[in-house]
Structure formats: structure tokens, C-alpha cells
Amino acid sequence: MRNEIEKYMIIITFISSFFTVFVLNGVILAVPEIAKEFGMSNLTQNWTLTIFTLVGTMLTIPAGQIAGKYGFKRTLSIANSIFLIGLIGSIIAFSTETFLISRIVQAIGIAFVNVCEIAIITLSISKESRGKALGIIITGVYLGTSASPVICGFLVHNFGWRSIFIFSIIFIALCVILLKMKITPEWKTNENDKIDRIGSVLYMVGISLLIYGFSALITTTGKISLVMGIIILVIYFSYELKQKSPVFDVNLFRTKAFTAYNLAGMFGYFAAMVFTTLINYHFQYVKGFNPELTGFILIVSPIVMSITAPYAGKLSDKMHPQKIATVGMVITTFSMIILSFLDKNTPLYIIILAMALQAFGTGLFSSPNLNAVMSSVDEKDAAFASAGQLATRAIGQSMSLGLLTLVFSWIMGNLELSPIYSNMIVQSSQIIFAVCSIACVFAIITSIIGIKADNKIKR
């Protein structure tokens, strides 16, 4: 019975992890068409991506406590239902505002889905097999990433951008049905705790101001928002240290390895998140490729990731996972350095080579880093560790898209993205890839710090 439940749980988490990134990456490919229909500027266009990760980042920490109290299975079922509503909202969207609202609803559902997936796998599967199971989830992520360019490129080119969301509905509905019919146990980690409403509000307000401020740093409002965000987050950490039932146990960050691995993940995902968007912009706006052709080329990266990730996850059960992650990040650094020189005349084979290197490096990094984070704390802290890992990852992703908005607004102002401004698109991309290269170096440094801290404990 236990093996059957584990099997269905892995199937459910695989499908939901697949489609969370499938929709995200599908929208990246469809953004030019969506922007054209709704008449979006480049700033608004970038916000269709940024608002998604921003809302997810805001909710990840509260989601950990809520799911741990009311049950991860129950919360996962509700979260997938919310995701479904958001998909329907995108299909019927008739303006920029209604489309952005549907993206917010999707992000709310996905924030809870991501927390529940990792926590359930951590709680239901033995530590000896955890890396392999987490590797399967990561494989779902990368297969979703690999399938989305081809499938979404075909759908957008032939049936319009709404077809992406129509395609996704069936599978998310299947997850809800399987959870109801096949998963009988419930997993709770903090059933008796009170929901920390004040801590949740402080975190959500602080992190949203921080990310918005960073993305609008060239404006006075952005600078004020950034400072206010930092101040509120300092207050949040001070407040949480005094709570018996905090929304997030910040004491986990007293564990040096946990903190270092999370920082490595944050820097790593900061570098990775903007990658596909920039390459997509380069192909469609600089090279003049259509969405379908762009999708076929973009498939290179996720295919390499989907092959690499499960083996990396399995290998991370046999040796120190963060050592594997560090090697992956070194490889990723080289790809970012290559792309920081990307221009109109860069041969296609050079771009594809850089894409393959980035994919191989990220595939080596992701599941071992996740395994290292989850293995650095006790199982009773699985909900907090899952939420913390996802929050730092989401912060990195949101700041990455914030960097995209910041640099493009600095170089281009409020102009729409168009082939006639290809020189400015190239200049913006070069700056962003250079910053991502530096982020990769920080990921390597924090990984090494964490490994050394881990080795001291084991002695």
C-alpha cells in the first residue's frame, strides 16, 4: 500500500511540477503575441513574467506554515484547483489587466503546489531514496521546460497564445482527481501551531517592496521601495525570533550549511531564471525567428537538463550533493561569460553551445542543491526547510526578472520590444548576462562555505 501511494504521489508531483514550468515558459515564448494583442510596452511585457514570480515569492513562506498545519495533501489539492482557475482566467482574458490578474491567481496556486510537493516527498520517502525522488520532480521541471518551447511554439504559431492554457487544464485537473482518489494519508508538521498572521504580512510586504524597488531602481519610488523593503524584512526577522509559532523558523538560518546552500540556490536561480527570456528575445527580435522555430532551438537547453537532473539527483544520494552542485555552477559560469558577448553577429552554433553548457551545469546544480538543503535539517523542519528553499529560490528568480526590467528600462525606456530596437536589446542582454556571471561566482563561493561547514559537523 505504501509503495502504491509513493508511486501515485511521485506521478502527481511530476505532473504538477511539469506544468507549473510549462505554463511559465510557454508564456515567455508567447509574450510577443500577448503584448501585441494587448498593446503592452516593454516594461508591462516584462511584468507579465515578473508579477508571476513576485506573487509566488510573497506566498511561499506563509504557504509552508499553512500547509503544515492543515495538511500537505489537502493543501496541494486546493492549490492545483486555484491553478486551474488561473488557467481559465488567462483563456478568457480580454485586456492587460485581466491577463495580469489571471497570472496572479496562477502564481497563488503554484506557490502552494511547490511547497507541498517537496515537503510530501521529504516526509513520505526514506532519506536514502530522497535524492532520487527529488530528482524525479526536478526532471518534471526540466521536461516541462524542454517540452514547452516545441509544444508552445507550435500552439502559439498555429492556434494562438490561449491554446497554451487550454492544453494545460486537462493535466492539472487529473492531479486534483488522483489526489482525491489515490492518496489516502495526510501529512502535517505543525497542526497545533497558530497561523502567524503578523509575520506573514511583514514578510509579504517587505519582500514585495524589495523586489519592486530593485526592478525600478532607476526611479525615486524604486529607491524608496527598496529601502523600505529592507527595513521591513529586518523587522520581520526580529519579530519571528520572538514567536513560539513563527510563519518561518528563522533559527534554521543559524545552521551555516542550510544558509549557505540556500544562498547558493538563490544566486544560481538568479542566473538561470532570465536565461530563456533573453535567448527568446534574441531569436525573435534580433534574429527575426518566428515562435515555432524559436521553440525548436530553445528545446536544446531543457533536453540536456532533463537528461542530467535525474542522474545528478541519484548521484547526490551517494556523495555530498553540494559538491556536485558546485561543479554544475562552475560550468554554468562559463556559459554566462560566453553569452555576455552575445551580439547580432554571434554564430548560431556558439549560442547553442552556450545553451547546452548552461543546461548541463544547471542540471548538475538543481536537484543536488535541493537535496543538500533538505538534508541539512531534521525531518520535523521539512515544511520550514521546503518553504525556505523555495523562498530563496523564488527571491533569486524574482530579482532576476527584476534585473531584466531594470536594465531594459534603463537602456530602452518605455519603448515596445521590436526588431527596430535590436541594438538596444543586444546591449541590455549583454549587461544582464555579465551580472549573471557574477551571480554564478557567488553561488560557487557560498557552496564551498556550506560544504566546509557540513564537514566540520560530520567530524
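The lining of the largest cavity splits by class into 21 nonpolar, 16 polar and 2 charged residues (nonpolar means Ala, Val, Leu, Ile, Met, Phe, Trp, Tyr, Cys and Pro, charged means Asp, Glu, Lys and Arg, and the others, Gly among them, are polar). Keep in mind that this is a predicted model, where local features need pLDDT of at least 70 and side-chain atom pairs count only at pLDDT 80 or more, while totals for chains, interfaces and linings use all residues. Residues are numbered from 1 along each chain as its sequence is written, and side-chain values use heavy atoms, with hydrogens and water left out.

The whole structure holds 3 cavities of 30 Å³ or more. On a 1 Å grid over the protein atoms alone, a cavity is a set of points where a 1.4 Å probe fits but cannot get out, a pocket is an open set with protein on both sides within 12 Å along at least five of seven lines, and lining residues have an atom within 4 Å of a point. Points are joined across faces, edges and corners, and a volume is the space filled by probe spheres set on them.

The largest cavity comes to about 730 Å³. Of its 39 lining residues, V21, L24, V141, M273 and Q397 sit closest to the centre.

The second largest cavity is about 90 Å³, and of its 11 lining residues, N25, P149, T276, L298 and P302 are closest to the centre. No charged residues here: the lining has 6 nonpolar and 5 polar.

Now for the open space. The largest pocket has a volume of about 390 Å³, with I207, F237, F253, T392 and I395 closest to its centre out of 20 lining residues. That lining has 16 nonpolar, 4 polar and no charged residues.
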